[in-house]
Amino acid sequence: MARVEINTVVNGYAYSGSVQSRWTAAEFIRDELGLTGTKTSCEMEVCGVCSILVDGVPVSACTALASDLDNKSVVTVEGLADGDELSALQQAFLDRFAAQCGFCTSGFLVMATALLESNPHPTSEEITHYLEGNICRCTGYRPIIEAVQLAAERADGE
Amino acid sequence: MNSQSESIGASLPRSDGRSKVTGAARYAVDHVVPDMLHGVAVRSTRAHAAIDGIGTDDALAVPGVVAVLTSEDLADLFPRYGHLVADHPIMAIEKTNYMGEPVALVVAETIHAAHDGADAVVVRYTDLPVLADVASAMEPDAPLIHPTAYPVGDAAFEEAITDEREDNVAHEVSLGWGDVESAFAEAAATVETTAQYPKLYAYAMEPYNALASVTDDGVDVVTTAQHPFMVRDDLARIFGEPLSRVRVRSPLLGGGYGSKSYTKVEPLAAVGAWATGRPVKVALNAEEAIFTTRADSAVITVRSAFDAEGRITARDFDIVMDTGAYTDNGTLVLAKCANRCFGPYNIPNLRVRGRAVFTNTVSSSSYRGFGAPQGNLAGEMNLDQAAEKLGIDPIELRKLNLVAPGGTILPGKRGLDADLASDLDMVSEALEWDTPDSEFTGTGVGVSASDAGAYPVSTAQVRVLFDGSVLVMSGSTEMGQGSRTVLAQIAAQELGVDIARVKVVQSDTGSSPYERTTGASRTTVLVGLAIMRACRDALSKLEEMAAENAGVAAAEVKSAEGMILVPGTGSWPYDQVIREWFGAGSGEVTGVGLVRRAGELELLPPFWEVGAVGVKVSIDPDTGYVNVNHLATVGDVGFAINPALVEGQDLGAATQGLGAALFEELIYDNGQLENPNLVDYRVPKIGDVPDEISTMIAERGDGVGPHGAKGAGEGTLNPIGGAVAAAVARAIGTWPDRLPLTPERVWTLMNPETGKNGTKN
Ligand code: FES
Ligand code: FES
């Protein structure tokens, strides 16, 4: 099985090693690193549960290859909190009951983190547009939109 | 100190919330064990074909492939499962009955090797006539999909089953009363409606998966099952093991919605482990999961007769469901559809006939609503058409006919424990029903009543530990609905302890007390009652121990607000009572709560899960796209133990209902599934969220559950389809005759010279 060397930083920790050339980023993150917060479901870039940030840009880990992470800095859902301190978005997801089964939650949090990074005051249309690639089957989405708004408001209040 | 105020009636945060936002939450798919292999099913490319041979040599030559199994390798086992009829083969036996059916299992060191191996398996088929739909399956000379009889899955269901078959009818039901023919003959008006409900894929986002080991220690499975105890029963039959030697655990589920009820991929993983002697994980992706289970489609014709004032004098339903390749839970879905189609109305004369028919499509089974959405669509559309014909306001027509609180929906069953007329008023007010709709907009409402909660069998244990904290042991499953939180709230309230000191441990057949199922919105009511009883049992044991400690009569000791009150010696915290009684600074007390069909639960159903919803829609005349301007739902739950969780269930259920009403449909062409992926099978996206949403909760304390609670989770889904259909009909002036109302279908209805799929009114 062909292998490739990669050097990557995941949630602040450096990783150097060889990965199978056909491994997806999701397989590398889940199976090699044991970071199982990143999920997979559709495996064809329509559901968004596998979203990760690669150099700050959202990427579907189900189709990206592990080798694509070489010389990149990766953030997964496990990297969003600061130690025990939840990010504003994570706290808002709790406060607005935006996670039910929670299987979609990592993907939404990662995407919404990228959104607020680039646009700290999104309108609800902008939130909807940005999260169009993420599916949730439990909540009906409204609590998720509200959570993103709440996190943005709280950031304003600081 | 335990003097925290009320634990119930408040939107306490989810106990599993923090783990879910940090990525720490463990689902079945996250479980791995050392030495684990991966299993991938080879799936049939044919809808109906004899299997002439399966070539495994090339697959076995793929590096990493350890074994390739077919049904012939299972000769020492019972090779089928099914809780009603054990007709579902683990892998196809002699012939395949639907496209996508597992015909072999490749077990390999890595998932990639397993997929490569699966691609290399060569299956030789001889095609059989494809019974692609009900019509072809009902042809007089149609071949039988199931020419043989099968054992009954569970003796409790024996009545529901006919295993001598002469045709492809899987099950039949009929019910009714009165003299329907005379009522129609004397009617002032009659209205007939035929409505078609689509085949649906529930798309729980965590696809079915299971990790199994089979050793001298027995069978051990971690899985996505909603009902781990029922899966245990199937596995015990497959391996000829006593129930005690089969352990099934369901950790957090990534969605369920009924679609993870009953056995799915667990036998595949378990036979892989049995054959190789190593743990085997079978984890499907969504595309494979589509080939695992679906909801029944239905064609339902209803005729209703009315007197001159608009009172229903008779209803006559004919239900035909396409139940797919195997029995699974189809029998009960049909039975429930029959009970639920005619609605919570006073109907002096009723006739319901239903048939579920085997076809060469994915086997159908439970999905949220469970026969109700199919039946309700036809029944409620029929009332809306009647309102139009009779010139009566659709809400007034419903209120004229609704069963009053306490009244009878089904003779011999529990009276209606809800006030639907008031619920409907709430919907009407939220939608401003009296304001006329503008061009291309329309408003529709609907009500439903489901005999919910399934059969009342539940057991729970409450363990008070020697530091006074509490473990609640339950066999029910957390799939997102929030049961872990609600059950902790119920126990904290009953015991008067701080909820932060209560932990709920669930769904492990090896250590949890028995729970029949997690479905039919039963958990809050039935498990909640079992836990309340277990708490009381624990308290009475603590009282006896405190009496013994103090040397007083047990009758003198009471408990209140988290303390045991002993006359003369004061109040004792639980931990002190326990430690003193055991005398070793440790110990614990276990309370047991049992729920069965007796006392307040003698009458079935345990509760009626009612729904009252409405939508206002606007149609884009150029594209036919249906925009939901306003969604209004009432959760008539008796008492909301956690209102935010109730609202979450209600909006989630309504959104799934909107999916079926507007977008979702599995499309078959001669037995080939045309849209087996999430690009072509479109579920609601964030952009489809209604512009305005009113989720209302009605609390009238009229449930039999804890503190007057009833279940939630399906009520707001069941009437959505009919409400959307009526709203669209009012917006465009044409009645649809089927869901989903995709843009293309609506556009065609609006441009009838080019179209079909509807009748001009
Ligand atoms: S699993 Fe990657 S987008 Fe769905
Ligand atoms: S919370 Fe279950 S899919 Fe979103």
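Colleague: Before we look at the pocket lining in this predicted model, what makes a residue nonpolar, polar or charged here?

Modeller: Asp, Glu, Lys and Arg count as charged, while Ala, Val, Leu, Ile, Met, Phe, Trp, Tyr, Cys and Pro count as nonpolar; the others, Gly among them, are polar. Sorted that way, the lining of the second largest pocket has 13 nonpolar, twelve polar and eleven charged residues.

Colleague: Which residues sit closest to the centre of that pocket?

Modeller: The pocket holds about 950 Å³ of space. Of its 36 lining residues, Glu27(A), Arg30(A), Asp31(A), His38(B) and Ile111(B) are the closest to the centre. Helix 1 of chain A gives the most to this lining, with five residues.

Colleague: Why is the pair Asp116(B) and Arg22(A) called a salt bridge?

Modeller: The cut-off is 4 Å between a side-chain nitrogen of Lys or Arg and a carboxyl oxygen of Asp or Glu. In this pair the closest N and O atoms are 2.9 Å apart, so the pair is within the cut-off and counts as a salt bridge. Between chain B and chain A the count is four salt bridges.

Colleague: How many residues does each chain bring to the contact?

Modeller: Chain B brings 56 and chain A brings 45. Together they bury about 4,100 Å², with 58% of that on carbon and sulfur atoms. On chain B's part, Val21(B), Met205(B) and Ile686(B) supply 20% of the area buried against chain A, more than any other three residues.

Colleague: And how many residue pairs are in polar contact across the interface?

Modeller: The rule finds 25, with both residues at pLDDT 80 or more. Helix 16 of chain B gives the most to the side touching chain A, with nine residues.

How values were computed
Residues numbered from 1 in each chain as written. Chains lettered and ligands numbered in written order. Predicted model: local features only at pLDDT ≥ 70, side-chain atom pairs only at ≥ 80, totals over all residues. Heavy atoms only, no water. 1 Å grid on protein atoms, 1.4 Å probe; cavity = no way out; pocket = protein on both sides within 12 Å on 5 of 7 lines; lining within 4 Å. Points joined across faces, edges and corners; volume = space filled by probe spheres on them. Helix = DSSP H or I, 4+ residues; strand = E, 2+ residues; numbered from the N terminus. Contact = heavy atoms within 4.5 Å. Buried area = accessible area lost by both parts, 1.4 Å probe. Polar contact = N/O pair within 3.5 Å; in protein donor to acceptor, adjacent residues only side chain to side chain.
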